[in-house]
Amino acid sequence: MSESLVVIGSQWGDEGKGKITDYFACRADMVVRYQGGNNAGHTVVFDGHKYSLQSIPSGIFNPKTVNVMANGMVVNPVSVIEELERLHKQGITDYQLFISSRAAMVMPWHSAFDGAYEALKGGKLIGTTKKGIGPAYSDKYSRTGLRIGDLLEPEYFAERLQAALAEKNPQLEMLGLPTYDFQAVYDQYMEIAKVIGPMITDTSLLIDSYLRQEDKKVLFEGAQGMMLCIDHGTYPYVTSSTPSASSVPVGAGISPKWVKNVLGVAKAYCTRVGEGPFPTELFDERAHEIRERGHEYGTVTGRPRRVGWFDAVVARYTSRLAGIDWWALMLFDVLSGLDKIMICTGYECDGEILQAPPSTIATLARCKPVLIEMDGWKEDITGCRSFDELPEAAKAYVRKIEEITETPVGMISVGPDRKQTITIAEELKKF
């Protein structure tokens with residue numbers, strides 16, 4: 001039967017999933033993005049070139065790889081076309097891309113609502129990218145949204161669009177926002193349908209057909225990170241979907257039996273974009289140094305990321321929830337040069353030591369990290385290609401993370417390029 005691998009973010013997003021999914025996409029027959037929208041950007045670097053992706057799967061760079069935007073996503077077709085045009089300008093023109101007919105569609109008014117809802121929160125912002133992802137998911141679950149497959153049936157799309165505007169325009173007026181003209185939107189999206197129509201299909205059947213074939217390799221790619229999960233993250237400072245490997249079957253439209261190997265992507269430290277408690281956050285010169293060396297700025301927004309020490313409380317929690325088999329430890333080279341490196345092993349809160357994140361941000365905000373100190377290393381590790389080549393202090397840091405998270409490290413990234421990757425787990429070498 002086929003081989004499958006799920007790659008998920010295990011912290012607050014921006015862990016380096018782009019590099020890892022690209023690394024495996026080179027040899028995968030299919031890459032499936034199963035949740036999220038174009039609010040989740042990542043950067044891929046190879047052969048000296050940098051590419052930024054938002055909603056398109058990382059296998060887009062391999063002409064032989066089938067790329068799927070599955071039903072669990074919310075898809076902005078305007079953004080997809082713009083993203084493809086950017087790739088075309090960079091010479092990426094030979095690819096296979098399919099979009100689920102059942103994927104919810106991000107419409108123009110969703111971003112308008114997103115910005116307005118954030119403004120109404122005053123000083124208590126969620127920190128969304130204002131791409132309309134939350135409102136699109138809200139419409140999906142209130143059963144009033146439009147879906148990508150609607151574009152293939154003009155009369156049905158017109159009916160759904162009229163119903164949507166009858167509801168949304170009065171709400172926009174109440175918020176003092178511009179309304180949308182039916183004919184203008186209809187005409188725009190019928191033109192869009194001419195471009196992406198050939199890509200729209202029942203991707204559940206397509207994915208299943210690959211999983212049932214011998215010697216096929218299928219990679220499932222998540223967006224954001226587990227601590228931004230709508231169910232298990234630092235609610236309400238979370239995204240609007242579930243990045244966990246547990247959501248692959250529903251988000252991709254397949255049986256749970258196909259979800260076998262899970263790779264949790266984690267930075268060798270922690271970062272976070274946007275608002276919300278962040279127990280290991282640094283506020284001194286070390287934060288600035290790590291931010292600059294790691295280029296810690298959002299791919300989509302350009303916002304500077306908050307920086308902190310590696311949080312093993314979060315790592316243990318996400319490993320348990322998502323069934324992580326191995327860590328891919330990213331941006332390991334960024335820590336080179338530090339005299340001492342800290343790891344958070346627990347949270348001290350109200351006189352107790354917590355081993356898992358609390359359910360409310362009120363409690364999480366009171367948590368102080370329990371830190372252990374590790375020796376740093378001065379050597380340049382960007383040229384290392386095996387675990388044995390790493391400095392002893394770097395090896396000790398990896399082993400300590402394995403020990404306190406109870407999950408083995410399967411890969412280590414020592415630079416942005418594909419070649420700057422140390423693969424330790426034999427199972428991952430075979431994929």
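Guide: Start with a cut-off: buried means under 20% relative accessible area, exposed means over 50%, and partly exposed lies in between. The model here is a predicted one.

Visitor: Why is Ser 138 called partly exposed?

Guide: Its relative accessible area is 46%. Ser 138 belongs to helix α4.

Visitor: What makes Asp 139 buried?

Guide: Asp 139 has a relative accessible area of 7%. The cut-off for buried is under 20%. So Asp 139 is buried. Asp 139 also sits in α4, residues 133-141.

Visitor: Which residues does Asp 139 contact, leaving aside its neighbours within four places in sequence?

Guide: Trp 109, His 110, Thr 144, Gly 145 and Lys 168. Contact here means heavy atoms within 4.5 Å.

Visitor: Which other residues of α4 are buried?

Guide: Ile 133, Pro 135, Ala 136 and Tyr 137 are among them, together with Asp 139. The buried residues of α4 pack against β6 (74-75), β8, α3 and α5. Just after α4, Arg 143 takes a positive phi of about 65 degrees.

Visitor: Now α6. How do you know that its span is close to the expected one?

Guide: Helix α6, residues 182-196, has 15 residues. The expected span is 1.5 Å times one less than the number of residues. That gives 21 Å, and α6 reaches 21 Å from its first C-alpha to its last.

Visitor: Which residues of α6 are buried?

Guide: Val 185, Tyr 186, Tyr 189, Met 190, Ile 192, Ala 193 and Ile 196. They cover an arc of only 160 degrees around the axis, so they fall on the same side of α6. Their cover includes α2 (77-89), β7 (96-100), β8 (104-105), α3 (108-120), α5 (154-174) and β9 (200-201).

Visitor: What makes Asp 181 a cap for α6?

Guide: A side-chain oxygen of Asp 181 lies 3.3 Å from the backbone nitrogen of Gln 183. The limit for a polar contact is within 3.5 Å. Asp 181 caps the N-terminal end of α6.

Visitor: What joins Asn 38 to Ser 79?

Guide: A polar contact between their side chains, at 3.2 Å. Again, the limit is within 3.5 Å. Asn 38 is placed in the loop between β2 and β3 (42-46). Its relative accessibility is 4%, so Asn 38 counts as buried.

Visitor: On to the strands. How do you know that β2 and β5 pair?

Guide: Two strands pair if there are at least two bridges between them. Strand β2 (residues 30-33) and β5 have four bridges, in the parallel sense. Val 68 of β5 is the bridge partner of Val 32. On to β7: four bridges join β5 to β7, and the two run parallel. There, Val 68 has Phe 98 as its bridge partner, and Asn 67 stands opposite Leu 97.

Visitor: Which way do the residues of β5 point?

Guide: Val 66 and Val 68 point one way, Asn 67 and Met 69 the other way, and all are buried.

Visitor: What is the order of the strands in the open sheet?

Guide: Ten strands run in the order β9-β7-β5-β2-β10-β1-β11-β15-β19-β20, with mixed pairing. β9 and β20 (421-423) each have a single partner strand, so they stand at the edges, with one side of each left without a neighbour in the sheet. Helix α12 (residues 392-405) packs on the sheet and touches β15 (326-330) and β19 (409-413).

Visitor: Why is β15 called largely enclosed?

Guide: Five of the five residues of β15 are buried, so the rest of the structure largely encloses the strand. Trp 326, Ala 328 and Met 330 lie on one side, with Trp 327 and Leu 329 on the other.

Visitor: How many bridges does β15 form with β11, and how many with β19?

Guide: Strand β11 (residues 261-267) pairs with β15 over five bridges, in the parallel sense. β15 and β19 pair over three bridges, also parallel. Ala 328 of β15 stands opposite Val 265, and Met 411 in β19 is the bridge partner of Ala 328.

Technical notes
Residues are numbered from 1 along each chain as its sequence is written. This is a predicted model: local features need pLDDT of at least 70, side-chain atom pairs count only at pLDDT 80 or more; totals for chains, interfaces and linings use all residues. Side-chain values use heavy atoms; hydrogens and water are left out. Buried means under 20% relative accessible area, exposed over 50%, partly exposed in between (1.4 Å probe, protein chains only). The arc is that of the directions from the helix axis to the C-beta atoms. A polar contact is a pair of N or O atoms within 3.5 Å; within protein, one must be able to donate a hydrogen and the other to accept it, and residues adjacent in sequence count only if both atoms are side-chain atoms. Axes are lines fitted to C-alpha atoms, for helices over the stretch in contact, and angles run from 0 to 180 degrees between N-to-C directions.
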